[in-house]
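Welcome, and thanks for taking a look. Below is a short tour to read alongside the sequence and the 3D view.

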Amino acid sequence: MNAHDELDIIAHTRSEVMGQKVPTGENLFLAWGYPTVIILLLEFFALMWWNEDWCVWLWAGIPVIGTPLMIYFLNEDYERTRRRTLDQNVILLMWVFIGFACCVGGFAMGFANVYRQCLFPFIGLMCGMGCFMTGIILHFRPKTICGIIASALSAVPLFFQGDLWPWQLLATAVIVVISLIIPGHLFRRYVRNTYR
Amino acid sequence: MNTFKFPVINPLLHSELRLKVMVALDSLESADFMYLCQITDCTRGNLSVQISILKEAGYLEVSKSGIGRFSRTVCRITRKGHDALHAYEEGLRRLFEQQVPEKEPGEAEIA
């Protein structure tokens, strides 16, 4: 092999690997979106019915349901493609960071006793930003647009203060539908129609 | 006088199969052994030997995990491997440019 042949091998292998565009993670948005919306609605109705402090702790159900689903779908993706790209890793780490930020932010606001004022706008903004960044990385415009809309709407829960604060949960559920469920279904349909 | 210095060619990467493995892993975060078999179009035994050589050189990290009855081998490139591959590629480019002399401006082609 001379230098020209080896450079050819490098270029050919690189283009072959990069050219195998198989988007993955089409179920991950839905795996987090549906449990989040269901738990937020349960929490809302529990607060309206009982109006007790324990109702707020229902949020713990979101990671309890979402994490196993996420691990299952990640394993399924890996079984199918047998590789993990840098893009996938960046998106995964970004969402893990967002999840931790929401948990840490939630506890911090709980201890500071300001969660009724600003926790849900914060969660809405995080979901919107994550959706926007995912759309940018994947070059999938519907996610980018939904992320912008969700980020803009994340200010809406701020208008429900005082006795109206449980309504922040409903507003956040709408934001989660826009930032996770709608783009999740659109991306799933796009992947299934284009690549399978 | 031409002062071109021949770049030192890394013998570990001067093999088609090892080079393909390194380039594939450099373009990805990690890859399964079966994926590397498919992309390099070689037998499992041969690939296994080459991966061991690259692992011993510190160019690859190999992790094995059991899933059901089967084990999964996942490979990823290390920082040392990434640097070695890019130095190798740079050396090849310099060598290639030396092999193909550039035309002098106004030089006539000999028919």
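In which helix of chain B does B:Cys37 lie? B:Cys37 sits in helix α2 of chain B, which covers residues 33-40. Please keep in mind that this is a predicted model.

**Around B:Cys37**

- B:Cys37 counts as partly exposed because it has 16 C-beta neighbours inside 10 Å, while a buried residue would need 20 or more.
- Leaving aside residues up to four places away in sequence, B:Cys37 touches B:Cys42, B:Arg44 and B:Leu47.
- B:Ser48 is 11 residues from B:Cys37 in sequence, and their C-alpha atoms are 9.3 Å apart in space.

**Chain B overall**

- Chain B holds 4 helices and 3 strands, and along the sequence they follow the pattern α-β-α-α-β-β-α.
- Of the 111 residues in chain B, 26% are buried.
- Among contacts in chain B with a separation of 6 or more, 55% join residues 24 or more positions apart.

**Where the two chains meet**

- Chain A brings 19 residues to the contact and chain B brings 20 residues.
- On the side of chain A that touches chain B, α1 (3-19), β1 (83-84) and α4 (86-111) of chain A each supply at least two residues.
- α1(A) gives the most to this side, with 11 residues.
- By residue type, the side of chain A that touches chain B divides into 8 nonpolar, 5 polar and 6 charged residues.
- The chains also pair through strands: β1(A) and strand β1 of chain B (residues 30-32) run in the antiparallel sense, joined over 2 bridges.
- In β1(B), B:Ala31 is the residue that stands opposite A:Arg83.

**Helix α3 of chain A**

- Helix α3 of chain A (residues 61-81) has 21 residues and reaches 31 Å from its first C-alpha to its last, close to the 30 Å expected at 1.5 Å a residue.
- Which residues of α3(A) are buried? They are A:Ile62, A:Met70 and A:Asp77.
- Seen down the axis of α3(A), these buried residues fall within an arc of 35°, so they line one face of the helix.
- The buried residues of α3(A) pack against α2 (28-49) of chain A.
- On the other side of α3(A), the exposed residues are A:Val64, A:Pro68, A:Ile71, A:Tyr72, A:Asn75, A:Glu76 and A:Glu79.
- After α3(A) comes A:Arg82, which has a positive phi, near 60°.

**Helix α6 of chain A**

- The 13 residues of α6(A) should span 18 Å at 1.5 Å a residue, and this agrees with its end C-alpha atoms, which are 18 Å apart.
- The buried residues of α6(A) are A:Lys143, A:Cys146, A:Gly147, A:Ala150 and A:Ser151.
- Down the axis of α6(A), its buried residues fall within an arc of 135°, so they line one face of the helix.

- The mean pLDDT of chain A is 88, and 98% of its residues reach 70 or more.
- Which element of chain A has the lowest mean pLDDT, and which the highest? β1(A) has the lowest, at 82, and helix α6 of chain A (residues 141-153) has the highest, at 94.

Methods. Residues are numbered from 1 along each chain as its sequence is written. Chains are lettered from A and ligands numbered from 1 in the order in which they are written. This is a predicted model: local features need pLDDT of at least 70, side-chain atom pairs count only at pLDDT 80 or more; totals for chains, interfaces and linings use all residues. Two residues are in contact if their C-beta atoms, placed from the backbone, lie within 7 Å. Ala, Val, Leu, Ile, Met, Phe, Trp, Tyr, Cys and Pro count as nonpolar, Asp, Glu, Lys and Arg as charged, and the others, Gly among them, as polar. Two strands pair if DSSP finds at least two bridges between them. The expected span of a helix is 1.5 Å times one less than its number of residues. A residue is buried if 20 or more other C-beta atoms lie within 10 Å of its own, exposed if 12 or fewer, and partly exposed in between; C-beta atoms are placed from the backbone. The arc is that of the directions from the helix axis to the C-beta atoms. pLDDT is the predictor's confidence in each residue, from 0 to 100.
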